[in-house]
Amino acid sequence: MTVRAKVRVDVTLKPGIADPQGQTVERSLPALGWDNVRDVRVGKHFDLVVEGETIDSCREQVEEMCRSFLSNPVLESYEFSLEPA
């Protein structure tokens, strides 16, 4: 039997890594009337559906995808949530 898992992956830069895209957003917000926003960080978001033999096998696959492809482990951190689809 195959199970399906709905996955949400969020990838962000590690603390201390410069975020030029976040800085650009932060500098632009006051011109739009939002001058009370600080410390903007930009990341990536992925929604996936993964099929596998078990939820645990799906979780292991997502972990490997995050480590080897969806994030750069030197510069980025990731978190994911997984639930039966």
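Author: Helices (H or I, at least four residues) and strands (E, at least two) are DSSP runs, numbered from the N terminus. Residues are numbered from 1 along each chain as its sequence is written, and side-chain values use heavy atoms, with hydrogens and water left out. This is a predicted model, in which local features need pLDDT of at least 70 and side-chain atom pairs count only at pLDDT 80 or more, whereas totals for chains, interfaces and linings use all residues.

Reader: Which residues of helix α2 are buried?

Author: Buried means under 20% relative accessible area, exposed over 50%, and partly exposed in between, with a 1.4 Å probe and protein chains only. In helix α2, which spans residues 55-70, the buried ones are Cys 58, Val 62, Cys 66 and Leu 70. Looking down the axis of α2, these buried residues fall within an arc of 80 degrees (taken from the directions from the helix axis to the C-beta atoms), so they line one face of the helix. The face turned away from that buried side carries the exposed residues Glu 60 and Ser 68.

Reader: What covers the buried residues of α2?

Author: Contact means heavy atoms within 4.5 Å. The cover of the buried side of α2 includes the strands β1 (3-13), β2 (43-52) and β3 (76-84). As one case, Cys 58 touches Val 3, Ala 5, Val 50, Glu 51, Gly 52 and Leu 82, when residues up to four places away in sequence are not counted.

Reader: Which residues make up the largest nonpolar core?

Author: A nonpolar core is a set of buried Ala, Val, Leu, Ile, Met, Phe, Trp, Tyr and Cys residues joined through side-chain atoms within 4.5 Å. Here the largest one has eleven residues, namely Val 3, Ala 5, Val 7, Val 9, Val 11, Val 50, Cys 58, Val 62, Cys 66, Leu 70 and Leu 82. Strand β1 and helix α2 each supply at least two residues of this core, and the largest share, five residues, comes from β1.

Reader: How many salt bridges does the structure hold?

Author: A salt bridge is a side-chain nitrogen of Lys or Arg within 4 Å of a carboxyl oxygen of Asp or Glu, and the structure holds six of them. In one, the side chains of Arg 4 and Glu 51 meet at 3.2 Å, N to O. Arg 4 lies in strand β1 and Glu 51 in strand β2, so this pair ties together parts that are 47 residues apart in sequence. Arg 4 is partly exposed at 43% relative accessibility, and Glu 51 is partly exposed at 47%.

Reader: Which residues are linked in a network of salt bridges?

Author: An α-helix has 3.6 residues a turn, so residues three or four places apart point the same way. In this structure, Glu 63, Glu 64 and Arg 67 are linked in such a network. Arg 67 and Glu 63 lie four residues apart in helix α2, about one turn, and their closest N and O atoms are 3.5 Å apart. Glu 64 and Arg 67 are three residues apart in α2 and meet at 2.6 Å, N to O.

Reader: What is the phi of Asp 39?

Author: Most residues other than glycine have a negative phi. Asp 39, although not a glycine, has a positive phi of about 55 degrees. Asp 39 is found in the loop between α1 (20-28) and β2, and is exposed, with a relative accessible area of 69%.
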